[in-house]
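The notes below are meant to be read alongside the sequence and the coordinates.

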Amino acid sequence: MAPDRDTTRLMQRLAGDAITLTAGLRTPIDLDVVAERLGLQTAWGESRILPAEGQLLRGAAGWTVAVADSKAGRPRARFTMAHEIGHYLLETYGIPRPATEGDYWRTEELCHYFAGHLLVPPVAVGWVAEAPSSGPLEVLRRAALAAKRTAVSPQALSHRLGDEIHCCAFSEISLRPPSPRARGVIRWSVEKNFSWLGMGPRSHVRADHYLAPALAALREAAPGEIRTGYLNGLPAAAVRRFETIWLVGLEPALLERDPDRNLAQLCFPVLRSDRVGAPPLPSAPHPGIECEVISGAATGSRSSVAVAQAADHGARWVASSQGSA
Ligand SMILES: [Zn+2]
């Protein structure tokens with residue numbers, strides 16, 4: 001479903017801010033520097049107050065983005081931190097906090113979108129975007145290298161590429177199905193511009209599915225090995241990771257019909273931001289709440305719940321924030 005006009009405007013603003021905030025930085029983007037440019041504190045390896053993967057918190061000492069994973073360099077922790085910085089930006093834009101389930105997921109999508117743009121700069125996307133005319137093997141090779149250089153997961157990179165390279169679809173499939181009748185399980189798929197696998201997360205690949213022979217071949221491959229071929233009529237390439245494969249499929253018709261739509265031009269969207277970072281929010285008084293959890297990623301913690309629980313734990317947060325400043 002196409003995003004509405006307000007969402008599109010927000011996406012453009014977030015993408016523009018991602019460019020501004022990473023000006024002069026090399027990949028992998030140093031998120032501590034990004035946070036510093038916004039006047040935010042970072043806390044790696046601390047799950048403050050709630051058992052969420054990542055949180056944006058406003059406390060007595062200012063704003064903090066906290067990530068539970070202690071490995072600051074890990075792609076998942078980095079993505080979570082970038083996502084929480086996205087929540088902070090939405091706060092500075094004055095976007096009302098989610099009031100409905102729909103708003104909540106829309107906000108999550110926006111923060112994911114921002115995280116992708118913050119971590120994977122246009123130049124990296126543009127480099128992969130030159131590859132489709134050379135075939136799926138080259139797309140996969142460049143995508144794998146881009147993921148490594150930007151320190152993001154295949155999933156995060158695929159979503160970023162899927163927004164810009166319209167002739168490619170991506171998926172990750174687990175080779176360890178939970179039932180003997182399945183040959184694999186779809187972990188995620190990015191098919192933003194054409195339908196290819198047509199299967200959502202957790203779908204089982206049955207023995208009679210066209211993917212089954214490819215999965216059997218890849219099960220024999222060594223980690224890091226790439227196989228290419230045709231899947232459901234489209235040229236495809238897959239790399240064996242450990243228990244999963246990362247798969248890319250190409251829709252050549254889309255590439256030939258309108259090459260400009262697929263290649264570099266779209267990968268350098270005209271996004272400008274004349275703002276130098278986002279201004280810090282004035283600290284509005286919150287009587288009775290010394291710390292407010294603005295967002296909590298993963299674990300499904302909704303902000304209203306989070307705020308209520310934060311109120312109970314406010315004192316502890318204020319005390320712990322002094323130690324990490
Ligand atoms: Zn979130």
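1. A151 lies in the loop between α6 and α7, helices and strands being DSSP runs (H or I of at least four residues for helices, E of at least two for strands) numbered from the N terminus. The phi of A151 is near 55 degrees, a positive value in a residue other than glycine. A151 counts as partly exposed because it has 19 C-beta neighbours inside 10 Å; a residue is buried if 20 or more other C-beta atoms lie within 10 Å of its own, exposed if 12 or fewer, and partly exposed in between, with C-beta atoms placed from the backbone.

2. Two remarks on the basis of these values are needed here. The model is predicted, and local features need pLDDT of at least 70, while side-chain atom pairs count only at pLDDT 80 or more and totals for chains, interfaces and linings use all residues. Residues are numbered from 1 along each chain as its sequence is written.

3. Which residues does R78 touch, not counting residues up to four places away in sequence? They are L31, L119, A151 and V152, where contact requires that the two C-beta atoms, placed from the backbone, lie within 7 Å. R78 lies in helix α3 and is classed as buried because 27 other C-beta atoms are within 10 Å. From C-alpha to C-alpha, R78 and A151 are 8.0 Å apart in space, although 73 residues apart in sequence.

4. For the protein as a whole, the secondary structure comes to twelve helices and ten strands. Buried residues make up 40% of the 325 residues, and, among contacts with a separation of 6 or more, 63% are accounted for by residues 24 or more positions apart.

5. Two packed helices are described by the angle between their axes and the distance between the axes. Helix α1 (residues 5-21) and helix α4 (residues 101-119) pack at an angle of about 30 degrees with their axes 9 Å apart, the axes being lines fitted to C-alpha atoms, for helices over the stretch in contact, and the angles running from 0 to 180 degrees between N-to-C directions. That angle makes α1 roughly parallel to α4, since angles under 35 degrees count as roughly parallel, over 145 as roughly antiparallel, 65 to 115 as roughly perpendicular and the rest as oblique. The crossing of α1 past α4 is right-handed, which means that the near helix is turned clockwise from the far one by less than a right angle, anticlockwise being left-handed.

6. On the α1 side, T7, L10, M11, L14, A15, A18 and L21 meet R106, L110, Y113, F114, H117 and L118 of α4. The residues of this contact of α1 with α4 divide into ten nonpolar, two polar and one charged, where Ala, Val, Leu, Ile, Met, Phe, Trp, Tyr, Cys and Pro count as nonpolar, Asp, Glu, Lys and Arg as charged, and the others, Gly among them, as polar.

7. The length of α4 can be checked against expectation. At 1.5 Å a residue, the 19 residues of α4 should span 27 Å, and the end C-alpha atoms are 27 Å apart, which agrees; the expected span is 1.5 Å times one less than the number of residues. The buried residues of α4 include L110, Y113, F114, H117 and L118, and what covers the buried residues of this helix includes α1, α2 (31-37), α3 (75-92), α6 (136-150) and α7.

8. Helix α7 (residues 154-164) is mostly covered, with ten of its eleven residues buried; among them are P154, L157 and L161. The axes of α6 and α7 come within 9 Å and cross at roughly 115 degrees, and α6 passes α7 in a right-handed crossing. This contact is made by A143, A146 and A147 of α6 and P154, L157 and L161 of α7, a set that divides into six nonpolar, no polar and no charged residues.

9. Two further backbone features deserve a look in the loops. A cis peptide bond joins T27 and P28, with omega about -10 degrees, and P28 is found in the loop between α1 and α2. N232, in the loop between β7 (226-231) and β8 (234-240), has a positive phi of about 50 degrees although it is not a glycine.
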